[in-house]
Every structure is written in structure tokens, then in C-alpha cells.
Amino acid sequence: MSESAQPEAADAARRSVRLPRPGHLPLPFIGGALILGLSVFVAAFPGLFAPYDPLAFDYNAVLQGPSAAHPFGTDNFGRDVLSRVIHAYTIDMQIAIFATIFPFVFGTAVGALVGYAGGIAETIFGRVVDAVITFPFLVLVIAIVSVLGPGLGNMYIAVGLVGWVFYARITAAEVRVQKRLDYADAGRAMGYTHARIIFRHLLPNAITPAIVYWMTDMALAILLGSSLGYLGLGAQPPAAEWGVQIAEAKNFMSTAWWMGVFPGLAIVVTGLGFSLLGDGLAELLRTRR
Amino acid sequence: MSLLRVRDLTATFGAGASRLTAVNRVSFDVAQGEVLGLVGESGSGKSVTLRALLRLLPVGGAVSGRVEWEGRDLVTAGDRELRAVRGRQISMIFQEPMTSLNPVLPVRVQIEENLRAHTGLRGRARTARAKELLDLVGIPDAGRRLDEFPHQFSGGMRQRVMIAIALASEPRLLLADEPTTALDVTIQDQILKLILDLKDQLGMSVVLVTHDLGVVAETCDRMAVMYAGRIVETGSVTDVFARPAHAYTAGLMASVPRASAARSVLHSIEGTPPQLDRVPPGCAFHPRCRFATDICRRDVPALEPRVGERLSACHHADAVAAEGSPV
């Protein structure tokens, strides 16, 4: 092999090892990635897709059924439901990410530390987790939001306060298994610091379940955001958010079904996207071992 | 002048009434450039001894005694001080090459990691050294294989990678915990040869833990035989093989299968090694020993020169030695 060809060959080898070719990706992964890729794009540029202003009232077109001019119909203020569903992507995708990113990062870090330390730290941690889990999740979040006051920011805080324990518990269990394997001992025998062993060696081997759970959790976060929006504790009207829309639609259920059904479908499709991506990732990360 | 001096090393697990002593007041020296074999059955405490040297015991393990290394005592050394010795001056390789490497990192990262932790090499120089190390341990096409993951290597190749990582910082002592047990016989031979070659090239000493007397005969300068957490006999490999001075050593050697002309019944030592929580009083080996007398049931024999220079912990060392080697 000539000198110049060597780095290329090494690069090619690395690529072929790291990522399977698209044809070998699990089907759920492709499906989920497509749905979510599209969702993120819509969330980033809702103006490209929405035919109307989501907040503009039109009293000449109140509670109209689906038509060519308004494919998803209009609501009680004459706002275009399709435009509102599209603009809601921006808020709901934000909820999916902001409500879960802190629990994911903080929870896995705490879980890794606790799982590695073991002993008293783990016992105390176990009791804290039990205490949090004893409360029904939604009730706890609602209680915290009612103390802090309604709104998206406070909702993120409330979810963050509660949500991290699930990640921490999953990661701690996995790290507890990994730290008994020889490579962890080998790391200690090499004189590496605890931090290096935990975050460089154990965590990458232990994080898969937490990542898969994260995907499901994002779907749950959207549901939670919508639930809180519905209860008036999350996004506030007149903002376009799926839960808010469904809450507004409940008074017109018998006369204008389209007001609630289309935001509901958007929730289902996005949730499906996250679930598929989670399944696909689980499969992908498992086969890589 | 010995490189490593171990005195009364003791390793215990648990506390109170359920406390188990896995290694009981073990003492030995390792000289510069020497290969010491620690031999014994499963559960004799040989691996725990090796790990106790670097205080690498599992949770609940406690070490006492002295491990003198370069003028300090590793048993009482602080965490930072100990980390500077681990991997830098004393490296360790493990029995299971299949699990001793991190499965999600390419081997390049794992070799360079040790170089980063313990040498001043940076950037290209570090990568070049990593490749050099893979070459050194005899992995063909090292440049390409650097970027592969552990699962793309065979067992023998993984053990070579493990050795490359352990030697990255040019340690002065290599602790090898049954490095060839998980490998098949031809590969076993290659790995042992490799360790000996590298020992000569780098001028290190080696402590080799094994249950395989053949491996000891082939590779070690001196050997220490362990039984129920104690060293029962130690001496040069030639001497011990020629004339074992402990009934247990003699029994071990008699149990090695031989490729002789006539078929014969394979000798074995009657009974099993004692559980750690019920080690017999006196000499721990006496229930299985055909030389045993009353004194063996009463007094723990000290490890002292009994036959010539050789240290043995057997009340009947002379009688055993008089029988000569069963090999």
C-alpha cells in the first residue's frame, strides 16, 4: 500500500464500521427518521407550509368544515385549523426536546455516578427514586406547575425536576452491570481516573437503554405538553399548540369535529415517529455490539 | 536488589463474622528482569494476590501488609499516587481478552488513551506510537487494524492488543493474570513467547499467574505455589520441578498428564481445596496429604528454608524432597 492511499483506506474502514449502509438500516428507524425529519423541518419553517396566519380571525368563515380553501376546516374564530396545526409543530417539537434534554443529560450522568459508586450513595439514591415514583407523574408535574405558575418555561422546570430519575435509574442499573466487566478493571489497572472510566468507558456501553427511553419520552413529553395545554397549565391561548387546540375544540365536538381531530392526528403521527425511531435505534445499537 | 518486595500481603472480603481471608500473609520478591510464576488451583488466591498488589479488589475487599515499590508502600499510597503507578510503572493484563477491551471504542482510541494518560506524546507522534505498538505485538497490517473495533479481532489478537495497551507506557513490571487460559494451545504458545520477547526488549519483570505447570516450566525463572491463600513453596523453577519440597507441589506435579508410551491412570490429589470459610487448622493441606501427622493438624507450618535455599511451608519437607520429582 502506498503512503498516500493509507489514510483513505483507514477512513473507508472507519466509515464501513461505524455506520451500516442505508439498505441495512432497520425499517422502523427509517420510518421514524422520515417522520421526525419532516416534523422538524415543518417546525423550523412553518411559514412555508401554512396557507394562513394561525392567529388571524375571519368572522366570515367561522366553524366551516374541511374544504378546498380550508382543508382542515376553521375554528370558532374562523382561524384556519391546518395553519394552526402546522404552526403548533414549532411549539410541540420544542416541548419534545426541551422537556427531555435536561432529564436525559442530568439523569444519565447521575445514574452513571451512582451506579459506579454503589454502596450508600446507591441506597440513598434508590429511596429518592422511590419517593418520586410513588407520585403519579402527571399529578406531580401539575402540582409543581400550579406552584410555579402556568406557562411553557415552568412546565420544562416541572418535568425536569421529576423526569431525570427515570433516566438515572435505567443508567445506574446498566452501569452496575458494566463496571463488573473486565474492561472496567483494566481501566483501573491502567491508572485512569474514575471520571474517565465512568464517562469514557462505562457510559458509552451503558447508555443505549437511556437513549431508547429518551425517544419514547419525547413522545410522552408531547402528550404531556398537550395535556397541560388542555388543562390550561402549558402553552397559553391564543398560541397554536395541539393540546390548546383540542381544549378549545371540546365545546364544539358535536358540531365541528375537525377542530379537535386534526390536532389529535398530528399528536398521533409525531408520537408514532418517536416510537419508531426508538425501536429502530434499539435494533441498530443492539446489532452493533 | 529486588524491584518489588511484598511482605505479609493479606486480602480479606466482608466484615465481622462473615469475613473471609482470600490471601493470608503472602510474602515474595520480584527481581529486575525476572519472571515469577504464581501457581495454584482455582480459589487458591493467586489472582486475588495479583490484584491486591495494585489494590484492584472488587467491592468489599480490603488489603493489608506491605507492597514496597520504588521506596513507597502501595498498600498505604494515596489514590493519586497509586494511579501514577498503575498503568505507568506497573501494568496488568487479564484472563479474558474477549471482555477486557471496551467494545464500543476502536483499538486506536484505547491504545492512545494509555499513551495520553502516561506519556507526553501528542498528535501524530501518538498515533505513530500506537501503530508501532501494534507492530511490536505482531499484529499484521497494523495501520489499518488500528481503526477496527475489538469484535473484529480474534481472541489471540485481542490479547495482543491488550498487551500493546499494557506496554504503551513501557512499564517496569507486568502483571499477567492467566493471560493464555482463554486461548487455544498454539495461540497460547505465541502469546507466551511474545511476553518473554517483550520482557527482554523492554527490560521489565513479569509476575505470571497460571494454573498450568507447563506454562511455568516454559516461561518462569522462579515460582511460588499457592494453596488456600498462602504461599506453600517457592524457589527457582528448575529446583522445584527437580525436587518439590511440599507435599502439595509434589501432588500437583504428579497430576500433570504425560505423553508416555504406556497408558496409565491419571493421578489426582484426593479431595477438593477447602472453602475459604472453613480452612482446616494447622496445615490447610493436611486432609488431602498422605504425609500428614499430628503436627500438621495442629501447627501452621512457616514458610522458611527447609531444603537447601528453598522456602517451603511443610513439616515433612525433607521426606517429600527425598521422594524426588514425580515428573
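Domain bounds here come from an automatic or database domain assignment. For chain B, that assignment gives domain 1 (2-225) and domain 2 (243-322), and the C-alpha centres of these two domains of chain B lie 29 Å apart. All of this describes a predicted model, in which local features need pLDDT of at least 70 and side-chain atom pairs count only at pLDDT 80 or more, while totals for chains, interfaces and linings use all residues. Residues are numbered from 1 along each chain as its sequence is written, with chains lettered from A and ligands numbered from 1 in the order in which they are written.

How do the two domains of chain B meet? Contact means that the C-beta atoms of two residues, placed from the backbone, lie within 7 Å. On that basis, 8 residues of domain 1 of chain B are in contact with 9 residues of domain 2 of chain B. On the domain 1 side, the largest share, 3 residues, comes from S2(B). Sorted by type, the residues on this side of domain 1 of chain B come out as 4 nonpolar, 3 polar and 1 charged. Here Ala, Val, Leu, Ile, Met, Phe, Trp, Tyr, Cys and Pro count as nonpolar, Asp, Glu, Lys and Arg as charged, and the others, Gly among them, as polar.

Strand S2 also belongs to a sheet. Strands (E, at least two residues) and helices (H or I, at least four) are DSSP runs, numbered from the N terminus, and two strands pair if DSSP finds at least two bridges between them. In chain B, 4 strands form an open antiparallel sheet in the order S2-S1-S4-S5. Strand S2 (20-31) and strand S5 (72-73) of chain B each have a single partner strand, so one side of each is left without a neighbour in the sheet. At the S5 end, strand S4 (residues 61-69) of chain B pairs with S5(B) over 2 bridges in the antiparallel sense; B:Trp69 has B:Arg72 in S5(B) as its bridge partner.

Elsewhere in chain B, the pairing is parallel. Strand S6 (residues 90-93) of chain B is joined to S7(B) by 4 bridges, and the two run parallel. Another 5 bridges join S7(B) to strand S8 (residues 205-210) of chain B, again in parallel. B:Leu175 takes part on both sides: in S7(B) it is the bridge partner of B:Met92, and it stands opposite B:Val207 in S8(B). Strand S7 (residues 173-177) of chain B is mostly covered, with 5 of its 5 residues buried (20 or more other C-beta atoms within 10 Å of a residue's own, all placed from the backbone). Side chains in a regular strand alternate between the two faces of the sheet. In S7(B), B:Leu173, B:Leu175 and B:Asp177 are buried on one side, and B:Leu174 and B:Ala176 on the other.

Chain A is another story: it has 12 helices and 0 strands. Its C-alpha atoms fill a box of roughly 75 × 55 × 25 Å, taken along the principal axes, and buried residues make up 44% of its 289 residues. The UniProt record, an unreviewed entry, annotates "transmembrane region" at several stretches of chain A, including residues 95-116 and 155-172; such annotations may be inferred rather than shown by experiment. Residues 95-116 of chain A are 100% helix and 0% strand, with end C-alpha atoms 32 Å apart. Residues 155-172 of chain A are likewise 100% helix and 0% strand, and their end C-alpha atoms lie 26 Å apart.

Terms used:
A residue is buried if 20 or more other C-beta atoms lie within 10 Å of its own, exposed if 12 or fewer, and partly exposed in between; C-beta atoms are placed from the backbone.
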